[in-house]
Amino acid sequence: MKMTKEQMAVVESDAAMRMLNCGSGCGKTAVLGSCALKEQDRLGGNGRVVVFSLTNYAADKIYKTIQSHARDRELLRQIGVRTPDPGIECSTIHGFCLRRRRISKHGVVEKDAAEQDLLLEILQSKGLVDEHSMKTILKMYRCRQIPPAESLTDFYDLVPRDEVKGILAEMNRLKKEQGLVTFNDILVRFLKMLDKPHFLKRIQRECPVLIVDEFQDLNTVAWRILKKLASTSACARIIVAGDDAQTAFAYADASFKRFKQFRQAFSDHQEFRLTINQRSTQQIQDVSDALVRQSRYSSRKTVVANRIGDKPGFYCNCSSQAIHEHIIEEIRGFAEDGIPLDQMAVFYRFNADAFGFRRCLSKNHIPYMVFGDKSSRKGPFVRLLLAMVQIITNDQPSGAAWMEVLRNVEGLGEKQAEKVFAWLKHKQSNDFQYPRQLKFTAPLERTLRFLHDTKDNVGSPLDKLFALVDFIRSMPKVNKTVKDHILPTMAKIVHDYGLKDLPDKFNDPSYPLCFPPQTNPPYPKTYLTLSTIHRIKGGEYEVVFYLGTNDETYEDHGNFSTPKDRELELQLMNIAVTRARTHLQMYFPVDWKVVKKGGHASNPWTFFNGLHKEIFQTPEGPNHEEEQS
Ligand SMILES: Nc1ncnc2c1ncn2[C@@H]1O[C@H](COP(=O)(O)OP(=O)(O)OP(=O)(O)O)[C@@H](O)[C@H]1O
């Protein structure tokens with residue numbers, strides 16, 4: 001890769017504080033990757049460059065970028081790095097904090113939603129709010145994922161003001177008592193630790209250069225951590241890059257305001273613009289521009305693409321069925337033109353929007369992978385292990401997890417497994433009794449006794465895990481190689497990462513003890529990608545289909561009820577559009593009615609009102625007619 005002039009300006013700059021707020025596809029990650037190598041080279045052995053981001057996906061993306069830049073001799077010559085040091089730390093901000101300070105005694109971190117149950121308990125015990133307010137509070141709390149101290153101030157309308165302090169104190173007491181540590185706690189506690197001068201100094205010495213990708217996604221606490229790390233240090237260098245038109249995690253306290261905060265916090269910073277879209281064609285850029293122009297929060301950016309292509313397709317008057325068939329036909333057409341299946345992706349707003357389409361793909365024998373869906377990507381063995389882990393670690397494991405385990409028991413057919421599950425669900429007492437409706441068989445007895453014992457035995461989760469592993473080993477359905485790997489692999493991962501992180505490690509192909517390659521992979525080598533927009537943020541594909549969405553789902557989520565919600569939808573659509581390199585097709589089914597709420601039509605196609613002819617081609621698609629008003 002050869003850096004452009006504007007990209008080189010960022011890499012070569014001497015400014016300690018650098019900020020990029022640019023449109024998508026302009027090469028922000030590429031520039032940060034080069035900056036990381038250059039800065040590490042400059043540091044020599046005096047400290048490490050640290051790169052972090054909010055999500056694992058973003059951290060992985062920049063890690064891969066650095067690795068590929070470190071192998072690109074031409075690029076290294078251009079940026080003036082002789083011996084690249086690709087061992088730069090790239091992780092999520094949570095990983096960054098955890099690596100520097102142990103936050104949880106047991107090495108177990110709970111999802112932020114765990115606090116919700118505590119909040120419910122406290123509100124109920126205090127009898128402070130009525131049923132309706134309670135539901136609203138919990139919904140807000142779940143959506144925001146921000147620490148209670150800050151989120152509760154939003155509840156002043158619902159909770160008596162003078163009670164908020166008491167609720168917080170009670171919350172902290174219960175958390176301490178139960179040893180509950182959430183992801184938010186990691187950041188909050190780390191920020192608190194930075195108040196100690198010796199700790200702050202140590203981190204500043206160890207990490208004199210901090211690089212942040214997807215800067216707009218940082219929540220308030222993460223931003224404060226970054227600011228603090230730059231304070232009182234003469235040699236701190238910070239480089240941030242992001243796009244305020246891609247604030248997809250606004251519900252989790254991400255904000256376009258981060259750029260303004262950066263300007264205010266570091267008045268001597270240098271700001272850069274990248275104006276050439278290196279990813280998409282000009283026609284796709286035009287669609288993105290049309291969206292960003294309507295944004296109330298994002299700043300205007302002039303971006304031009306250095307490639308031209310066909311106008312994107314727009315279908316807004318077709319039935320869902322016709323859309324599915326049309327996409328399948330198009331996929332086949334692109335494949336015939338030589339575009340591999342893994343360079344095509346179908347995006348949607350909610351998982352539920354794709355169920356029908358998935359059935360259609362299966363019917364047409366088109367292999368696909370649901371991005372981020374662990375169970376669809378992994379073979380039966382990993383699905384079984386994940387189910388086991390869930391049963392052991394979770395007080396209320398899902399029915400699907402139970403069914404996964406039961407289905408694997410020798411001698412237990414699907415029907416019997418369902419009956420065992422029904423019995424487990426309704427089992428009231430702790431006394432071990434066989435469900436009467438089941439035919440008594442030896443494997444059944446073994447299963448039931450085992451389930452009963454595992455559930456009630458007091459033992460460490462690890463003991464339970466080993467017990468379950470032994471049990472699974474005795475099942476003939478599990479293949480032999482796999483059997484021999486279960487125990488050592490699980491033990492090693494649990495030892496390294498703790499039980500709660502186990503599921504994530506299955507997805508990490510670089511983890512050395514990943515499972516042996518399966519001789520018959522469950523999926524072919526190339527497959528179509530299906531994904532929600534949130535998950536695919538940062539990715540890119542040659543061909544992108546946008547599957548539209550369902551008004552009722554929008555209604556349920558209140559997605560268009562306030563201007564802020566509408567803005568989020570606008571930005572999400574911008575993210576979906578800008579993932580496409582060459583071909584983009586957008587579909588909005590007509591069988592979903594347009595609902596007016598808060599003065600706005602709730603169908604997202606209204607974002608393009610009046611722009612169809614200009615920026616799209618509206619080809620003879622399935623049932624295509626003029627757009628309905
Ligand atoms: N100078 C360049 N020459 C050729 N290709 C480039 C150059 N800079 C970036 N690219 C390519 O352009 C694409 C987009 O780059 P990158 O992912 O870094 O953009 P981004 O600004 O981070 O995008 P987004 O914000 O949408 O995630 C990548 O495929 C990257 O390899």
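Strands here are DSSP runs of E of at least two residues, numbered from the N terminus. In the predicted model, Thr582 falls within one such run, strand β14, which covers residues 580-589. Thr582 is partly exposed because 19 other C-beta atoms lie within 10 Å, whereas a buried residue has 20 or more. Beyond its neighbours within four places in sequence, Thr582 makes contact with Thr281, Gly309, Glu542 and Val543.

Strand β14 belongs to an open sheet of six strands. The order is β9-β14-β13-β10-β12-β11, and the pairing is parallel. Strands β9 (313-318) and β11 (368-370) form the edges, each pairing on one side only. On average, neighbouring strands of this sheet are turned by 20 degrees against each other, direction ignored. Strand β13 (residues 541-546) runs parallel to β14, and five bridges join the two. Within this pair, Val544 has Leu584 of β14 as its bridge partner. Helix α15 (residues 320-336) lies across β9, β10 (344-348), β12 (528-532), β13 and β14. The angle between helix α15 and β14 is about 160 degrees.

A further open sheet is formed by six strands with parallel pairing, in the order β3-β2-β4-β5-β1-β6. Its edge strands are β3 (89-92) and β6 (270-272), and each of them pairs on one side only. Neighbouring strands of this sheet are turned by 15 degrees against each other on average, direction ignored. Strand β1 (residues 17-21) is joined to β6 by three bridges, and these two strands run parallel. Met19 stands opposite Glu271 in β6.

Over the whole protein, the secondary structure amounts to 28 helices and 16 strands. Of its 629 residues, 37% count as buried. Contacts between residues at least 6 apart in sequence are joined at least 24 apart in 79% of cases.

The protein is divided into four parts: domain 1 (5-102 + 188-274), domain 2 (114-180), domain 3 (282-372 + 525-615) and domain 4 (379-505). The contact between domain 1 and domain 3 takes 16 residues from domain 1 and 18 residues from domain 3. On the domain 1 side, helix α3 (residues 56-71) gives the most, with three residues. By class, that side has eight nonpolar, six polar and two charged residues.

In total, 18 residues surround the ligand. The closest are Ser24, Gly27, Lys28, Thr29 and Gln278. Helix α2 (residues 28-43) gives the most to this shell, with three residues. By class, the shell holds four nonpolar, nine polar and five charged residues.

Conventions: Residues numbered from 1 in each chain as written. Predicted model: local features only at pLDDT ≥ 70, side-chain atom pairs only at ≥ 80, totals over all residues. Near = placed C-beta within 6 Å. Helix = DSSP H or I, 4+ residues; strand = E, 2+ residues; numbered from the N terminus. Nonpolar A, V, L, I, M, F, W, Y, C, P; charged D, E, K, R; others polar. Buried ≥ 20, exposed ≤ 12 C-beta atoms within 10 Å, placed from the backbone. Contact = placed C-beta atoms within 7 Å. Pairing = 2+ DSSP bridges. Axes fitted to C-alpha atoms, helices over the stretch in contact; angles between N-to-C directions. Domains from an automatic or database assignment.
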